[in-house]
Amino acid sequence: MDAGLVEQRYNTVEGSRPFQWGDAPNTGPRLFFADIHADPLLALRDIGVDAPMAREPVGHTDILRLRQGGVGLQVFGVPTNKTWCKDNEDCGEHPNMISALAISALWPPETWFDYEALALHQAHRLANLAADPDNKLVLVRDRPTLDEFCERKLKDPEVIGGLLGLEGAQALTHGAESIGVLRKSGFVLLGLVHFFDNAYGSSQHEGKEHKRGLTDAGEAVIVEAARRGMIIDLAHASKELIRAVIDLRVEGSFPIVVSHTGINPAPDDDACSPARNLKVEDAHLIANTGGLIGPGLWDDALCPIIEEGTAPQDVDDTYARRFADRVDFMIKKEFDARFIALGSDFDGYEQFGFDATGLPLLAPALAERDVPKDAIKVIAGLHVLRFLMDNLPGSAAPSPGPCDHLYDTLARAP
Ligand SMILES: [Zn+2]
């Protein structure tokens, strides 16, 4: 299997007006973006800034393209299982395409059939990227390293802060004990499930009604993760799991995000990928905890919201506008802009209208939908910075510290 071919086939850019590297808009003030989910650590190409750029770029992100798109903070998703299966519904655990990728790329043999080793290998890739000073990448794992990122970002706008997010607790081979191993490797976000029910919780991709969203082992894992200051990610979670985790949160506080999702504009609309798109009521439950919801940029997450009476030819199908429609819909449903973040899912084997260099397209699209300028900044990334300042473990630099300065500088920028 040729890794480049796999990416060309599955990590596509095919909007009605495709937009890629080379088309980067250089006009207008630059926004600070914080993307709370993308999967380039799974890409088998070199994603460092010095990687030889192909004439026809593959995939959606690498350090250079993140920089060009204005990404200041990036959560690197770490998936360990994706089955070869149509539509990702009721697919179970095998055959695992990520195992096949690991084998074809000759990743260390221990990663081939072991989820935890696969996760640690991807963490190691990010650590290697951060070790190369040319990448200007700061590994953010707690509050002191967030301060380090802020301090460097104030001096050099090209600096990116990278965080690790596990996608699916099946990688916790030793249950709550594995949390310590992951935390030591820099993981900050813990996603409980991915495409199938695991020992800890139930997935939205398994169509059956779940009696229990969260198992006892899942509860133990969350308690240990919370003790270590991790953020719980409910992307891909069944509605039962979402509710169980929110109930558990009442007893002890831990931050929650849904790192990449769609928001279903019509709960009964089967045409709009109901399984992958969060229901408005569930999204409200998460926002009420102060948590972030990350609407994504892939095709299925952006089902068109067609207002009654709109002629088909007037439905704008460009991806940036579809994203802006989604945000506009959330604001109309009374979501505070602070709880709306960007969760692109770039390089997550989905179809996109643009790669990371196209992120600046979102600002004019949001402005066209009358999203106020301050709210655009907040949604693009400003509030994610605040959320991390408030929630990452460890003590902050004496106040006002570098992150307070960075926040104020970005908030004041034109
Ligand atoms: Zn995902």
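Modeller: The protein chain exposes about 17,000 Å², and carbon and sulfur atoms supply 51% of that area; accessible areas come from the Shrake-Rupley method with a 1.4 Å probe, and for residues only the protein chains shown count as cover. This is a predicted model: local features need pLDDT of at least 70 and side-chain atom pairs count only at pLDDT 80 or more, while totals for chains, interfaces and linings use all residues. Residues are numbered from 1 along each chain as its sequence is written, and side-chain values use heavy atoms, with hydrogens and water left out.

Of the 414 residues in the protein chain, 57% count as buried (under 20% relative accessible area, with exposed over 50% and partly exposed in between, using a 1.4 Å probe and protein chains only). The chain has 13 helices and 11 strands, which are DSSP runs numbered from the N terminus (helices H or I, at least four residues; strands E, at least two).

Now to the core you asked about. The largest nonpolar core holds 86 residues, and Leu190, Leu234 and Val245 touch the most other members. Such a core is a set of buried Ala, Val, Leu, Ile, Met, Phe, Trp, Tyr and Cys residues joined through side-chain atoms within 4.5 Å. Helix α10, residues 319-332, gives the most to this core, with 7 residues. A second, separate core has 29 residues, among them Val138, Leu163, Leu382 and Val384.

Next, find the zinc ion. Its protein donors are Glu167 (OE), His236 (NE2) and His260 (NE2), 2.0 to 2.1 Å away; donors are N, O and S atoms within 2.8 Å of the metal (3.2 Å for Na, K and Ca), and water is not among the atoms, so sites may look incomplete. Glu167 lies in strand β5 (residues 160-167) and His260 in strand β8 (residues 256-263), so this pair ties together parts 93 residues apart in sequence. Both Glu167 and His260 are buried. Along the chain, the donors follow the spacing E-x68-H-x23-H.

Finally, look back at the stretch of helix α10, residues 319-332. The charged end of Arg322 sits over the ring of Tyr319, 4.7 Å from its centre; the rule asks for NZ of Lys or CZ of Arg within 6 Å of the ring centre and within 35 degrees of the ring normal.
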